[in-house]
Amino acid sequence: MTPEAQQDTSTPGAELRYALRALTDRLGHPLSDADLDRVFAGKPGTYEVTDAVAALEHAGFVADYGKLALGKLDPALLPMLVFDKAGAPLLILAREDAGRFSVLDPETNAPRVMTLQDLKPRRIRYGLRVRPGLARTGGDTDEAKGGHWFWSSFRNLKGIYLQVILAAAIANVLGLTTSIFTMVVYDRILPNEAIDSLFALVAGVGIALGFDFLVKSLRSAFIDSAGRRADQRMAEKLFQHVLSMKMAARNKSVGHMTSVMKDFEVVREFFTSASMVALVDLPFVALFILVIWMIGGPLYLIPAIAVPVVLAIALIAQPLMRRHMLNSSHDGQSKQGVLVETLTGMDTLKSVGAESLVRSRWNAAVKTQADNAGKGRRVAQSTINLTTFIQQACQVLIVFYGVFLVSAGQVSMGALIACVILTGKTLAPLAQVSSVMTRATQAIIAYRQINEVMETRTEREVGKRYLPLAKLSGKIELEDASFAYSDEIGDVLSDLSIAIQPGERVAIMGPVGSGKSTVARMLLGLAEPTGGRVLLDGLDARAIDPADRIRNIGAVLQEPWLFSGTVRENIVAGRYGVADTEVLEKAQLACVDEIVARHPHGYDLTLREGGQGISGGQRQCISLARALIGDPNVLVLDEPTAAMDVRTEARVISNLDTYLGADDARTLVLVTHRTSLLKLVDRVIILERGRVAYDGPKEQMLKRPSKPRSASVA
Ligand code: ADP
Ligand code: MG
């Protein structure tokens, strides 16, 4: 039994986690707590099958969840997790013979034989099949990531698209009936006044039209369902990627990112909507021309010339359109950028009276965008007008040419009318082609932009084997660590070497801009050293599973960010299995209890995005409580009390002092300006311009004759 497997199975979902571990252990790569928590999506106490599937896929397994019949279970699929009526998991290890299975007994962690009869009362209906995936064999390829974000989303949908094409073929053939009907009526029924035959014909055509209607409805339904599935997969992958992007890749503005994400709509709309249908109809244009040739002889020449002309026009217009659209998509970004920046900084903007600044930026962005979009629209409109003109000219030409053929006796009157109708049908999809092409161009531009984002590096490299680190002892070392935000600015931290032992309490001080927050961010993995290394427990931090690192280091950033949601949700922050008592305890430690006590909604007090709705000091209290959840062995706090009043700060300091004193193993790294916080530490490191200016005991620092500027700030 792996040590992780020994856990209590009383909370809902814990059984599932246990079974997942046992299963993956047998597949040669047991999931760690980090693996299981990383994609946990549900409520704090529960762990569900969807979480399990996501966790498995993340860890590089291939997982399918679906219905199954136990009696017909293929032994090749074992070991496999199955679920009974109540949703409780059961791990089936092997099939002994036709009616007997070897099942894992969670009590003893040993196999036990159960017959189909034993299993029957549990009414097993669903199963979770897990196989080692490609990612397990390594490599940061698309394949390893579970496929390219875009193309793989259409995987398994081939069947649906084949059905769409088949439906299109049937609909197009049925579309011929009305013209043939008209021809027969003019040539056979009218001259003979054969009313009986007319009834029969109408009935026949009626059935054909009804069938046509049915096929077309089915076709839209197929496209819709395929589209929805692809859409969901793509959106999920995209968001997952955004979440796991490295800081260096995130450097682009929020406005740019929002506009890229908005572009996703264009791509999705194009590839998953009915606009594709027009393209499916295109090959059938040849069929119509063939029929025109069969019944109208040389009349086929007119559509046969018009079709390539219309296609050529649509193609020629594309490069022109693309140019304008590229322009407008860049400007669209800045428009989006201005909007996002304005909304985030609204209060500051108003208080300093900078409305005119953003207003003029906004107006400029709107104007260039409108200009470009206008040019693009004019090109698009011209092609559509030209296509319509050709379409109408064709109808007139067919009639014109037809009159000569009819009087020469080469073509019947009915055939001429049928040809007019057929020509209309031939050119109809072409009219759509130019607008579909325009949208295709847009979609391709958008696709490229999203693809650029999707190709950036992520924090967690797929296929890379991370070291699971269930509990960090708290030894932190920086070895010649340097960091630069960008090449132009140069190193913000240069060759820092700091060693912090487990249980040590250290303050990092120094003037503004000396790199204190950057050190904190480096310890948290938000900034990766550009030179040197960060070691946690003697291991290179880059090798440690990011999820484990996060679980083991409680952090308060200099500008804490709260999510929209309740205070409770903010404290728990999506972690698995956090008990209410712990939330209360940590809230008390961080003085959150005072905030909620004064509010009628208590812990259900709802905050808006970014923590609006409460004061800055209160925000710090909540983020401190959040950092303490799970009792991490290491705390990295960046000016955690900067916005608190003296009384609250004093209470927080004394609470933290007691908390840290209760367990000698807890390491504290505290970035601060305030001497009041020095009560919590024994050792002080002073940074100056990214270098260590002092590193030693607190008392000695306070006695230093020439105090550094930073210490006199507070
Ligand atoms: P402090 O000691 O005040 O916490 P920081 O570590 O936040 O200082 O910043 C150190 C230096 O890094 C500053 O000079 C600042 O100009 C630069 N810096 C901080 N954040 C960024 C960023 N996101 N992009 C570029 N430069 C940054
Ligand atoms: Mg700072």
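**Terms set against values**

Modeller: L397 is found in helix α13 (residues 355-407). Helices here are DSSP runs of H or I with at least four residues, strands are runs of E with at least two, and both are numbered from the N terminus. This is a predicted model, in which local features need pLDDT of at least 70 and side-chain atom pairs count only at pLDDT 80 or more, while totals for chains, interfaces and linings use all residues. Residues are numbered from 1 along each chain as its sequence is written, chains are lettered from A and ligands numbered from 1 in the order in which they are written, and side-chain values use heavy atoms, with hydrogens and water left out.

Colleague: Why is L397 called partly exposed?

Modeller: Its relative accessible area is 43%. Buried means under 20%, exposed means over 50%, and partly exposed is in between, with a 1.4 Å probe and protein chains only. The value of 43% falls between those limits, so L397 is partly exposed.

Colleague: Which residues form the nonpolar patch on the surface?

Modeller: L397, V399, F400, V403 and F404 form it, with about 490 Å² of accessible area together. Such areas come from the Shrake-Rupley method with a 1.4 Å probe, and for residues only the protein chains shown count as cover.

Colleague: What makes a group of residues a patch?

Modeller: Each residue has over 30% relative accessible area and no salt bridge. Like charges are joined within 9 Å; nonpolar side chains (Val, Leu, Ile, Met, Phe, Trp, Tyr) are joined within 5 Å.

Colleague: Which residues form the positive surface patch?

Modeller: K67, K85, R123 and R125. Lys and Arg count as positive and Asp and Glu as negative, while His and the chain ends are not counted. The place of a charge is NZ of Lys, CZ of Arg, CG of Asp or CD of Glu. K67 is found in strand β1 (residues 61-67). Its relative accessible area is 66%, over the 50% limit, so K67 is exposed.

Colleague: How many salt bridges does the structure hold?

Modeller: It holds 21. A salt bridge is a side-chain nitrogen of Lys or Arg within 4 Å of a carboxyl oxygen of Asp or Glu.

Colleague: How do you know that D657 forms a salt bridge with R505?

Modeller: The closest N and O atoms are 3.2 Å apart. This pair links distant parts of the chain: D657 is in helix α21 (residues 646-662) and R505 in strand β9 (residues 505-509), 152 residues apart. The 3.2 Å value is within 4 Å, so the pair counts as a salt bridge. D657 has 25% relative accessible area and is partly exposed. R505 has 14%, under 20%, so R505 is buried.

Colleague: What makes E594 and R647 a salt bridge?

Modeller: Their side chains meet at 3.6 Å, N to O. E594 lies in helix α19 (residues 592-597) and R647 in helix α21, so the pair ties together parts that are 53 residues apart in sequence. Since 3.6 Å is within 4 Å, the pair qualifies. E594 is buried at 18%, whereas R647 is exposed at 56%. A network of salt bridges links D593, E594, R598, R647 and R651.

Colleague: Which atoms coordinate the magnesium ion (ligand 2)?

Modeller: OG of S517 and OE1 of Q558, at 2.0 to 2.1 Å. S517 lies in helix α15 (residues 516-524) and Q558 in the loop between β12 (553-556) and β13 (565-566), so the pair ties together parts 41 residues apart in sequence.

Colleague: Why do these atoms count as donors?

Modeller: Donors are N, O and S atoms within 2.8 Å of the metal (3.2 Å for Na, K and Ca). The distances of 2.0 to 2.1 Å are within 2.8 Å, so both atoms qualify. Water is not among the atoms, so sites may look incomplete. Q558 is partly exposed at 36%.

Colleague: How do you know that V215 is buried?

Modeller: V215 has 8% relative accessibility, under 20%, so V215 counts as buried. Its place is in helix α7. The C-alpha atoms of V215 and A171 are separated by 6.4 Å, although the two are 44 residues apart along the chain.

Colleague: Which value does phi take at E193?

Modeller: Phi is positive, about 50°, although E193 is not a glycine. E193 lies in the loop between α6 (177-192) and α7 (195-243). At 65% relative accessibility, over 50%, E193 therefore counts as exposed.
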